[in-house]
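Please open the model in your viewer and keep the sequence beside it. The tour below moves from one selection to the next and says what is found at each stop.

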Amino acid sequence: MKTVLLLTYLIAVFVTLCACGSDSSTTGNATPATIDLPIETEGVLQEDFPLANYIGFSDETLSIRYPKSVSVDFPSLYVLSESGAVGEVDAAEESLPYTRFAEYFPGTVDMVMTDAGTWSVEGNQNLTLNETNGSQTWSFAAGDQLTELAINQQGWVYARNRARLIQFSVSNPAEYTDYELSVSGELAGVAFFEGHLYLMEADNQAVRVHMFDTLDSMNRLYSWLVPELAGLPVSDLDILPDGRVVVSIDSSDNNLIVLADKQQRDEPPLPATVTLNEVDRMTLPDVIRQPSGLWRSQEGFWYVLTDQSEVFKLDASFDVLARIEVVYEHTLCNQGCTEAISGTDEAIFVLNDEGYVAQLSMSLPEHPKVAEYQMNIVGQDNEILRFAGMGGDTEQNQFYFVNHEASDQTSELIIVDDGFIPLSRTPVFSNQEVDLPVSMYDVVGVSYYQGSVYVLSEQYRQVLKLSTSGEIEEVYSVASEAVEEPSDLFIENNMLYLIGDHEDAQETPPLVQFQLP
């Protein structure tokens with residue numbers, strides 16, 4: 001649903017319909033059930049992506065200021081600003097382009113766009129649906145202040161003055177059910193996703209998100225604390241298809257953020273056979289931010305790739321010797337696009353998330369780019385495979401890849417030559433009984449060592465040891481509080497080195513060394 005939806009909004013012919021509203025609903029709950037929002041929480045949501053910092057504005061005059069509402073119709077994210085401006089962020093594009101619609105909607109405090117039309121509330125008792133051929137308005141109890149809205153298979157609206165959460169039928173909002181909300185702070189957002197209702201509350205000390213099962217008598221399933229947002233004027237939330245939470249903040253900048261529960265992990269497809277022992281930690285220079293790749297040359301120099309499309313060359317003491325900027329000819333490399341690094345005696349190779357590989361000279365001063373290749377490898381349904389790790393065999397001048405985020409694809413071990421032409425591809429498999437498909441592993445790093453391919457899974461914090469025919473031979477656990485978000489690995493002399501990503505406000509994790517069995 002794109003710009004055309006807003007254009008139809010503008011030409012709507014307003015027709016008002018009245019739904020009977022009262023303290024008790026038309027479904028007969030004269031005594032509303034109570035929903036309790038506890039102060040105690042089971043989990044923590046942390047910043048996973050500072051969305052506002054990476055939105056692409058085509059015009060310098062464009063910006064998103066003081067957002068009141070955010071709604072997800074993936075890959076579109078719609079944002080309503082305080083001024084009444086409405087715009088779309090297209091998450092299908094790497095640059096996250098923003099399009100502002102022509103019309104403003106002053107007075108609207110929450111808005112949700114669906115295939116049926118645009119639903120909105122303005123802080124009074126009215127709920128409005130704008131469709132292509134007109135609009136409908138339902139009035140709830142006189143004096144109601146409807147401030148929060150969620151529409152999916154169900155409709156939910158919050159009457160702030162009465163602290164009532166109202167569930168209504170999307171096909172006929174005149175049919176609704178009241179819930180009395182017991183909340184210590186202020187309800188700041190409502191979202192509905194896959195049968196679960198999400199409520200965000202905020203007070204001066206804390207922001208909490210609660211999840212309820214709407215199919216099981218509104219049973220509370222889980223609650224999270226959001227420490228990073230404490231004291232900030234959060235204004236809304238919605239849920240992305242992968243379960244992460246996008247939150248809007250009523251401020252002029254840094255006002256859209258994606259949150260994730262980084263401690264809650266599903267059981268991996270295969271249990272670990274060995275837990276690797278941590279040997280040492282090496283502090284990286286402060287100038288290195290958000291590392292995404294790691295490689296070491298035979299001369300002993302470390303090369304650390306970052307999300308800023310730069311490579312740092314370090315000596316054995318981890319002092320910076322050089323900073324190399326990586327520029328691609330065939331793709332615009334935005335923040336976070338560079339994924340992996342490897343090399344040979346003559347060259348350094350840097351992979352980005354569009355499948356392009358930049359070749360940098362090892363011998364020439366300043367390591368200039370001398371060539372660029374494209375990994376255009378097709379998987380099922382003619383989908384281009386993406387890779388986030390690359391392991392090099394310097395003796396054979398070959399490179400090893402396993403496709404990244406392959407939940408809808410078969411995980412494959414792909415071997416290419418130094419021109420990045422595929423030599424072979426074989427499914428990754430296990431001879432053990434596996435409850436989940438091996439494709440569930442989120443592969444973010446690959447390293448080749450002594451005839452085996454080692455694959456790093458961020459999702460499960462495991463390292464898989466593969467044969468060159470794709471068989472999983474060992475599963476190592478690399479649990480370490482030092483690296484919460486592992487991003488790459490490198491192996492030499494029977495030592496495994498692990499590097500990790502981090503968010504803007506966090507310190508760069510150390511390089512952690514483990515002993516292989």
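## First stop: a bridge in a sheet

Select D36 and then S182, its bridge partner in β16. This is a predicted model, in which local features need pLDDT of at least 70 and side-chain atom pairs count only at pLDDT 80 or more, while totals for chains, interfaces and linings use all residues. Residues are numbered from 1 along each chain as its sequence is written, and side-chain values use heavy atoms, with hydrogens and water left out.

Now extend the selection to β1 and to strand β16 (residues 176-182), which run parallel and are joined by four bridges. Strands here are DSSP runs of E with at least two residues, helices are runs of H or I with at least four, and both are numbered from the N terminus; two strands pair if DSSP finds at least two bridges between them. Colouring the whole open sheet shows five strands in the order β1-β16-β15-β14-β13, with mixed pairing. At its edges stand β1 (33-36) and β13 (146-151), each with a single partner strand, so one side of each is left without a neighbour in the sheet. On average, neighbouring strands of this sheet are turned by 25 degrees against each other, direction ignored, where the axes are lines fitted to C-alpha atoms (for helices over the stretch in contact) and angles run from 0 to 180 degrees between N-to-C directions.

## Second stop: E201

Is E201 buried or exposed? E201 is buried, with a relative accessible area of 0%; buried means under 20%, exposed over 50% and partly exposed in between, with a 1.4 Å probe and protein chains only. Its side chain makes a polar contact with the side chain of S184 at 3.5 Å, and the side chain of E201 also reaches the backbone nitrogen of G185 at 3.4 Å. A polar contact is a pair of N or O atoms within 3.5 Å; within protein, one must be able to donate a hydrogen and the other to accept it, and residues adjacent in sequence count only if both atoms are side-chain atoms. Not counting residues up to four places away in sequence, E201 touches residues including L37, P38, R208 and H210, a contact being heavy atoms within 4.5 Å.

Show strand β10 (residues 117-121) with strand β11 (residues 126-131), which pair in the antiparallel sense over four bridges. Here S120 stands opposite T128 in β11, and in the hairpin, with four residues between the strands, G123 takes a positive phi near 85 degrees. In β12, S139 is the bridge partner of N126.

## Last stop: the nonpolar core

Finish with V350 and L511, which have the most contacts inside the largest nonpolar core, a set of 28 residues. Such a core joins buried Ala, Val, Leu, Ile, Met, Phe, Trp, Tyr and Cys residues through side-chain atoms within 4.5 Å. The largest share of this core, four residues, comes from β27. Leaving aside neighbours within four places in sequence, L511 is in contact with residues that include W302, F318 and Y497.

Zooming out, the protein has one helix and 44 strands, and of its 517 residues 55% count as buried.
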